[in-house]
Amino acid sequence: MKVILDAMGGDLAPEAAVLGALEAHREFGTEITLVGRGAEILEVMGKHNIRDLPKGLEIANADDVVDMHDDPTSVIHKRKNSSMIIGLKMLADGQADAFVSAGNTGALLTGATLLVKRVKGVRRGAFAPVMPNKAGGKTLIIDSGANVECTPEFLLQFGLIGSLYAKKVLGVENPKVGLLSNGAEDTKGAPLQKEAFALLTGAAQAGLINFVGNTEARDVPLGAVDVVVCDGFSGNVLLKSIEGTALFMGSMVKKVFKRNLASKLGYLLCRSGVREMMALLDYREIGGTEILGIRKPVIKAHGSSDARAFRSAIKQAVTAAERNTAAELEEALQRLAAVKEQSVHD
């Protein structure tokens with residue numbers, strides 16, 4: 001299994017990316033190609049007393065870097081010698097199984113769409129972060145920001161794509177799919193949600209998806225569904241709200257434990273449990289967000305990723321590559337198209 005890593009993407013590049021790659025290679029034995037300015041990559045290694053490139057790691061030189069302020073629609077042509085674009089082209093050419101970058105989100109989405117290409121039949125690629133939930137499982141949020149404006153057909157596909165991913169990659173036997181809305185009743189939602197509700201219901205009746213209806217935002221972290229379908233705007237607001245609440249609660253827990261000597265002693269007694277809880281909410285342990293609907297796994301790591309976060313993103317990329325859903329997704333979309341065609345004739 002080989003992963004291409006954009007060594008120049010992210011706030012802490014290239015050091016965090018290089019150290020994360022070394023850590024992932026040590027732990028998982030993953031073959032990794034670091035794409036970026038070779039001299040800077042070697043400088044980081046020298047700084048940490050690494051004289052020789054470990055077997056299984058290689059460097060592909062790229063002189064340019066995609067800036068966080070670059071226009072996503074023009075980077076393929078204006079930044080064709082950048083680490084991101086060269087890495088995506090290498091992935092498209094079959095030189096690796098997956099790609100990881102903490103760089104410009106819009107540029108990564110555009111590059112993945114135009115260079116690596118979407119699975120046949122997919123209308124839009126979508127960001128699909130996975131969040132822990134109270135039920136002890138994980139909830140996939142699709143879409144969380146790639147498509148701010150959506151059609152009902154987009155949301156229908158998101159439900160199908162998310163369901164397949166949850167089954168194949170997250171190991172959920174029969175994923176429950178919910179549609180994010182302002183109430184659980186069937187009649188809730190704006191016109192977009194109401195039309196999408198009807199399409200998702202039809203897909204469920206055809207046996208293509210386990211759609212359980214509308215889902216309120218508060219029920220998402222409680223584990224009411226395994227996949228929550230939303231337009232990119234609503235999904236991004238949902239994701240950031242959950243992240244902000246988690247940070248707030250984490251800071252409050254720390255404040256409580258630091259209150260006095262008795263609370264500090266209490267922390268010592270339940271330290272392992274607190275650490276376990278905080279790890280569930282730590283993006284460094286989660287890794288990143290896969291762009292679902294692309295032919296090969298493309299992982300968007302957090303812009304402020306440190307070495308640990310890059311290591312986790314690489315692990316996530318390997319898992320996604322091992323359980324590649326492209327062929328099954330294409331087949332599922334063909335079945336969906338057949339069902340829609342049949343309903344038209346009926």
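This is a predicted model: local features need pLDDT of at least 70, side-chain atom pairs count only at pLDDT 80 or more; totals for chains, interfaces and linings use all residues.
**Exercise 1.** Determine which residues lie nearest the centre of the second largest pocket, and which elements supply its lining.

*Solution.* Begin with the lining as a set: 21 residues line the second largest pocket. Nearest its centre are V130, K138, L170, E285 and I286. Next, assign the lining to elements: at least two residues each come from strand 6 (130–132), helix 9 (261–280), helix 10 (283–286) and helix 11 (307–322). Helix 11 gives the largest share, six residues.

**Exercise 2.** Identify the residues that touch the most other members of the largest nonpolar core, and state which element supplies its largest share.

*Solution.* The largest nonpolar core has 36 residues, and L140, I142, L155, F158 and L179 touch the most other members. Strand 7 (138–142), helix 6 (152–168), strand 8 (177–180), helix 7 (191–205), strand 10 (227–229) and helix 12 (326–345) each supply at least two residues of this core. Helix 6 provides the largest share, with nine residues.

**Exercise 3.** List the contacts of L140 beyond its neighbours within four places in sequence.

*Solution.* With those neighbours set aside, L140 is in contact with A128, P129, V130, G162, Y165, D226, V227, V228 and L292. One of these partners, V130, also belongs to the residues nearest the centre of the second largest pocket.

How values were computed. Residues are numbered from 1 along each chain as its sequence is written. Side-chain values use heavy atoms; hydrogens and water are left out. On a 1 Å grid over the protein atoms alone, a cavity is a set of points where a 1.4 Å probe fits but cannot get out, and a pocket is an open set with protein on both sides within 12 Å along at least five of seven lines; lining residues have an atom within 4 Å of a point. Helices (H or I, at least four residues) and strands (E, at least two) are DSSP runs, numbered from the N terminus. A nonpolar core is a set of buried Ala, Val, Leu, Ile, Met, Phe, Trp, Tyr and Cys residues joined through side-chain atoms within 4.5 Å. Buried means under 20% relative accessible area, exposed over 50%, partly exposed in between (1.4 Å probe, protein chains only). Contact means heavy atoms within 4.5 Å.
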